[in-house]
Amino acid sequence: MRADPIALGGWQRRERTLTIAVVGIFALVILRLFVLQVLEGSRYRELSEENRIRVEVLTAPRGEIRDRKGRLLADCVPSFTVTLDPFDKAYTRAPARLDSTLAALAPMLDVDPEMLRDKIQRERTISFLPIRLKRNVDMKSVAVLSEHRDQLPGVQVESEPLRRYPLGLMASHLLGYVGEISDKELAKPEYADYLSGDLMGRMGIERRYERLLRGQDGKRFLEVNALGRKGDFLGEKHPVLPRRGTDLELTIDLDVQRAAEDAFEAGARGAVVAIDPRNGEVLALASKPNYDPNEFSTGITQERWNELSGGGNYPLFNRAIQAAYPPGSTLKPFTALAGLETGAITAGTYFAQSCTGEYRFGSRVFGCWKHEGHGSLAVHGAIVQSCDVYFYQLGLRIGLERLADFMSKLELSGRTGIDLPQERRGLFPDQAWYDHRFGAGRWSRGIILNLAIGQGEVGLTPVKLAQLAAFIANGGTLWRPHLIRSIGSNGLPRSGAPDDSMKQVVAISDRSLRIVRDAMEAVVSDPQGTGGQARVDSVTVAGKTGTAQNPHGKDHALFLCFAPVESPRIAVAVLVENAGHGSTAAAPIARKVLQAFFHPAPPESAAVVTRR
Amino acid sequence: MLSPRFSPDIDRPLLLATLLLTLIGIAFVFSATSMPSAAAEHGLYLKQIAYLLLAILAGGLIAAVPYRIYEGKTSYLLYAVGLGLLVLTLFIGHVGLGAQRWLGWGPIKIQPSELAKVATVILLASQLADRKKDWTQIKNLVGPVLTAAVPCLLVLKQPDLGTAIAFVAILFTMLYWAGLPFLYLFFMITPIANVALSFFTPAWLLFLGLLAVILYRSRIRLLPLLLVVGVNLVVGIATPQIWNHLQPYQKQRITTFLDPGADAYGAGYQIIQSKIAIGSGQVFGKGFLHGTQKALAFLPEQHTDFIYSVVGEETGFLGAALVASLYLLLILRGIKVANRARNRFGGLLAIGMTSIFLYHVLVNIWMTVGLAPVTGLPLPLLSYGGSSLVASFLQVGLIQNVAMRWREY
């Protein structure tokens, strides 16, 4: 086939074909216009004059969240939402009509009319849907609204599922909350399936598992006339039914969680993380002060938001994963492990200087917390009595390079990878870090003394501390802490076999581990130990206290522990901000957590609480 | 300069259709923005009149210079400028309605894809005008295909699927006019059809069978035959595999991209409102400025993409059919001019410009009457917008240029 030769005057055959095609295309348009305007015209005229087509979104209920024993943490209940359709005929004919509607509506809903107007201005440019003015409106307001219906064109009361957290403050940081999607998020392609005014998970499980929990909203095209609803529109668009979100069962044990939260005194700030050292399941994750996520489900005022996100105490801040604290003496077992593993010491090594309550390094004096001194100690006694002078010398002997190297094996400068958003990195600085921070050669070798006892630049999150406690408990495995036990309502049965992708085994000798574990057991059981307050009936507990100096106020109290020592099933990290000694402020909290785990209250009382 | 010797050959019906459509456009831009709820847009028709003066000037100038000037080196230069503007848009463009389509200095904003279409047609015409080449040879097609593919991909990146497809439509129309057998064009589309059908095995097998029969009957050479078969098999088998290995969010991105209306509650609703507007116009319409649906839903787009539904509502079947007929006239005259030209470059130039009109009118009007998905393409000459108006006048100017000099070889 060769190209047609081009005759004088052009391309006749092609012209004819193309002309026929074009005429055909336009004939189709004319035919379509004829159908729409002449044949069906009166029907469309009626639609345009009397009625109005609107889309109704059928909001999908979010999936339920339960604890490992099936106790409810979050569900949905029906509620009333008041919406306004800005494209109602009343407003498109006379835009000023909107002002009088809002003026009448605002007192009934007890909201500021300016806020409603802003919301309408903003959202009407994004979609053609009725705009949600207020969620969770009570029956009384609904009754008042219905009475004044004729003054409120385009206003509807719709039924919508409302996110409810039946336990209120309990586990708030862990669960997170829901809030309306922001305009900035709406503009992003990954939120293409969201509409203005939609709720989405913020923080915690709600955020992390948003895709699962959300489900899929349905929609229905309705024909609405002045009197109310008339029915589905023309049958052209079938309703899309909402799909309920997926249920989640958490690894959390509500008994342990409750004990952890209740153990704090009113007004105290701190965090507790409890982990199963056999598989990394998080049994409890608490942060104080906490907040009531129910407040967010219905929309929250700016003032209240400012109060929660700041307000001196920062209640929204999840101290268990978002804050790094110097670990203080709770780091000593790991410094000891580093010493034993690098060969710097053995179980029988005594240092040249016995503890006299202070240690002289160059021109500086480093004190021991016990001013009268501990005398001469080997590693066991140094851990039991938490002797600073021993660890100063140990740190010097190991050296910064080897100590930082060992700590990097435990990923102290990383994240644990827990399935919650916004986890903060920890930090155990090395030489390069100091060179970068202060300039090469412009920092003192003395920093190692502080690092060895968990002070100075080192900072760890409570969840990392719990992972480290579990690491000693299970003999050298770093489990990635995780919160999901099963997904879906008929969920996967618990297989019992832990997921290997979540673990990382660190090569460490059993002998070193045994020395440290024996010492940690003695911290709690030995009369000279600092952790006596963590003793629990009939269970052997191993632990380590910590008291971290902090430039902004009173010391932070810390405690790490695991139990039972023979075959550990729980590892706990406790942190209490500005509370003083770990032995008196943190260890008692750990005891209550262990108590709840090993000797839970009878199930009847638990059921009473969940019923609220 | 415009020499009086040629002016008698100016295509009068084409000129008339263009001017009538433009005036109707200004009237309905005025109507579409006249509601009290659109106070911010009340002056837009005045701006449209200013754009019209600019457009007439641009169209007149491009028509005055003998069109042979645009052939050869000049066509590459124009094309390079067009591409340059498109690349610039990707980096420093303004975002409008979720895509980066605009380029601006201070108060002036232009949509370079409109100008790129014109430049691409000029270069394609110049390339395809080479009579010495056998246009059934695959190696000869590489040049024109690349010429259309580069701006197509740049526009796709914005992302503006509707305009990107315009480049494909232009290429195919011009290849057909240049002498490529219809069957070849069919084979070129097969891989695309294949991607769409590969998810539904029975339809895919049926399609392959049909393709095999057509291939057998067509007796094309062995190399192109193997190429068609090979590409189709690879595409058909690989597509579902790739799709299944994509992450859910990646899939979502692709479906949203291909069909923006699938998720958005807005688009499906727009079509319903557009149909109600047009349908409610009945035979005679509600009268100029008396439309009621325009005050409703498609707020940002009724004076641009959905202007035809305002026409349909206010002037009824008679007005809507008249406007459609004017477009039909414009396009048929374009084809006529292309056919009449003795010069091959001239003929291709005219048909290319006409194909831009054909594609836009087709897609836009079909969208407003509910025959095609929402794509966001303007209706040439009628919709509000300076870039589109200037580009339309450049197209008409070039067609007239060829019409006036049809005798030249």
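This is a predicted model: local features need pLDDT of at least 70, side-chain atom pairs count only at pLDDT 80 or more; totals for chains, interfaces and linings use all residues.
Reader: How many nonpolar, polar and charged residues are in the contact of α5(B) with α6(B)?

Author: Cys and Pro count as nonpolar here. The contact of α5(B) with α6(B) divides into 14 nonpolar, one polar and no charged residues.

Reader: Are α5(B) and α6(B) roughly parallel or antiparallel?

Author: Helix α5 (residues 138–156) and helix α6 (residues 161–178) of chain B pack at about 170°, with axes 7 Å apart. Angles over 145 degrees count as roughly antiparallel. Therefore α5(B) and α6(B) are roughly antiparallel.

Reader: What is the handedness of the crossing of α13(B) and α14(B)?

Author: Helix α13 (residues 344–368) and helix α14 (residues 386–404) of chain B pack at about 150°, their axes 9 Å apart. That makes α13(B) roughly antiparallel to α14(B). The crossing is left-handed.

Reader: Which residues in α14(B) does α13(B) meet?

Author: From α13(B), the contact includes G346(B), L349(B) and M353(B). By class, the contact of α13(B) with α14(B) has eight nonpolar, three polar and no charged residues. The residues in α14(B) are Q395(B), L398(B), I399(B) and V402(B).

Reader: Against which helices do the buried residues of α1(B) pack?

Author: Helix α1 (residues 12–32) of chain B has 21 residues and reaches 30 Å from its first C-alpha to its last. Among its buried residues are L14(B), A17(B), L21(B) and F28(B). The buried residues of α1(B) pack against α2, α12 and α14 of chain B.

Terms used
Residues are numbered from 1 along each chain as its sequence is written. Chains are lettered from A and ligands numbered from 1 in the order in which they are written. Axes are lines fitted to C-alpha atoms, for helices over the stretch in contact, and angles run from 0 to 180 degrees between N-to-C directions. Helices (H or I, at least four residues) and strands (E, at least two) are DSSP runs, numbered from the N terminus. Angles under 35 degrees count as roughly parallel, over 145 as roughly antiparallel, 65 to 115 as roughly perpendicular and the rest as oblique. A crossing is left-handed if the near helix is turned anticlockwise from the far one by less than a right angle, and right-handed if clockwise. Two residues are in contact if their C-beta atoms, placed from the backbone, lie within 7 Å. The expected span of a helix is 1.5 Å times one less than its number of residues. A residue is buried if 20 or more other C-beta atoms lie within 10 Å of its own, exposed if 12 or fewer, and partly exposed in between; C-beta atoms are placed from the backbone.
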